[in-house]
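Subject: Structure handover

Hello,

Here is the structure I promised you. Please open it next to this message and follow along.

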Amino acid sequence: MFDFDPNKNYYEILGVDENASEDEIKKAFRKLAVKHHPDRGGDQEEFKKINEAYQILSDNQKRQQYDQVRKGGMGGMGGGFGGGGMGGTTFDVEDIFGDVFGDIFGGGGFSRGRGASKRPRRGEDIVVSLEVDFKEAYKGVSKEFKYKRNVHCDVCDGTGVDKESQKTTCSTCGGRGAVIQTQKTPFGVMQSQTVCPDCRGEGSKDSKPCTNCGGRSLTSKEEKIKVDIPSGIRSGEHLKVPGMGNYGINQGPAGDLYVKVNIKGGSGFKREGDNLVVEVEVPYYDAVLGGEVEVDHPDGKTTVKIPKGTQPGERISVSGKGFGQGGFGIWNKKGDMIVVPKIKLPKKLTKEQQDLFKKLKEIG
Ligand SMILES: [Zn+2]
Ligand SMILES: [Zn+2]
């Protein structure tokens, strides 16, 4: 269900306060990651633990969910549909490396812009639960709801790099990457060209992370969406809405949204395969002599014939009033409505009724 394990204390693992800022978390992670990095002789298991903690706490949405679940339940997720961000459990070390390791292993400066970590990543899928009334599920219904997903930061266009810093030409060398050094020597003034010490020959200043998204390249956005729930959907089924999941880092494409349908209510109704089973009270005399009863149905009330001599628990089928898609003749794939009569016997009898029953008993 979640990317995280609510029984673990990620704050303790990173050694930060529960109210720690994004920056504090990042710093704590860096420090520990350098210490425990397997390439540097650290313990692999310890490193994994730290990574897991960082992955959750550095993602606002995941951190919120984690805090919520730890603080006792799904409080914030009630009201029909839960929060997003439950899909895509794959944990990618490289993403994190690109994000915070650039300046440790990358050889100075904010080097996120270079190397493999720049490549776009598909975002995670999101699963949202949606409650649907039994009758709505029977007929099919359009449902509108809100949920949150990650979208490309619109300040940096999803690059994670501060636009201004991206364009900054090195002022020391004027973008040439080299500077002329002037030296006085006994032979006169000598000029020599060397690599610009300020930009190391790149001609531009190291870019800075976007302040709006903190370099993550993504921000959280509330989406409003309408989905068509097809008639006859079953509880627990998922509807896929392509491209409406989280967008990925580095301008990566979006994952998908899965709407999990929970059917509630439907008191009096039961579903068996494609059949709709409904219990109905039938007076004893109608069961004996035959008659008609009015039966509740998702499409409205309907009249059902009770055959003469109907026994308790006997099932009466009404074709074409069950679940599924209607059609003609042998193509009719709609299930049946099955009426289960509950035969109602009298508790108190009038003098006249008693006499009649006695007479019936005599006849046999
Ligand atoms: Zn940004
Ligand atoms: Zn320069």
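Below is what I found, starting with the overall fold and moving on to particular sites.

**Overall**

Please keep in mind that this is a predicted model. The chain has nine helices and 15 strands. It runs to 364 residues, and 38% of them count as buried. Taking contacts between residues at least 6 apart, 65% join residues at least 24 apart.

**The zinc site**

Which protein atoms hold the zinc ion (ligand 1)? The donors are the SG atoms of Cys153, Cys156, Cys210 and Cys213, at 2.3 to 2.4 Å from the ion. Along the chain, these donors are spaced C-x2-C-x53-C-x2-C. Cys156 sits in the loop between β2 (141-152) and α7 (163-167), and Cys213 in the loop between β4 (188-195) and β5 (218-229). The pair therefore ties together parts that are 57 residues apart in sequence.

The geometry is tetrahedral, because the angles between the four donor atoms around the zinc ion (ligand 1) run from 103 to 116°. For reference, the ideal angle for four tetrahedral donors is 109.5 degrees.

Cys156 and Cys213 are both buried. Cys153 counts as buried too, because its relative accessibility is 1%, under the 20% cut-off. Cys196 has a relative accessible area of 1% and is buried as well. As for disulfides, the structure holds zero.

Asp59 lies in the loop between α3 (44-57) and α4 (60-70). Is Asp59 buried or exposed? Its relative accessible area is 9%, so Asp59 is buried. At the start of α4, a side-chain oxygen of Asp59 comes to within 3.0 Å of the backbone nitrogen of Gln61. Leaving aside neighbours within four places in sequence, Asp59 is in contact with Asn150 and Arg216.

Next, α4 itself. Its buried residues are Gln61, Lys62, Arg63, Gln65, Tyr66, Asp67 and Val69. What do the buried residues of α4 pack against? Their partners are α1 (10-14), α2 (22-36), α3, β2 and β5.

**The nonpolar cores**

The largest nonpolar core has 19 residues. Those with the most contacts inside it are Tyr10, Leu14, Val16, Ile25, Leu57 and Tyr66. Two or more residues of this core come from each of α1, α2, α3 and α4. The element that gives the most is α3, with six residues.

Not counting residues up to four places away in sequence, Leu14 touches Ile25, Ala28, Phe29, Leu32, Ile50, Ala53, Tyr54 and Leu57. A second, separate core has 18 residues, including Val128, Ile233, Met244 and Val259.

**Ile249**

One more residue to look up is Ile249. It is found in the loop between β7 (247-248) and β8 (252-254). Ile249 has a relative accessible area of 18%, so it counts as buried, the cut-off being under 20%. Where along the chain is Arg119 relative to Ile249? The two are 130 residues apart, yet their C-alpha atoms are separated by 8.4 Å.

Best wishes

Terms used: Residues numbered from 1 in each chain as written. Chains lettered and ligands numbered in written order. Predicted model: local features only at pLDDT ≥ 70, side-chain atom pairs only at ≥ 80, totals over all residues. Heavy atoms only, no water. Disulfide = S-S within 2.5 Å. Buried < 20%, exposed > 50% of the residue type's maximum accessible area, 1.4 Å probe, protein only. Donors = N, O, S within 2.8 Å, 3.2 Å for Na, K, Ca; no water. Tetrahedral: all angles 85-135°; square planar, octahedral: opposite > 155°, others 65-115°. Helix = DSSP H or I, 4+ residues; strand = E, 2+ residues; numbered from the N terminus. Contact = heavy atoms within 4.5 Å. Polar contact = N/O pair within 3.5 Å; in protein donor to acceptor, adjacent residues only side chain to side chain. Core = buried A, V, L, I, M, F, W, Y, C linked by side-chain atoms within 4.5 Å.
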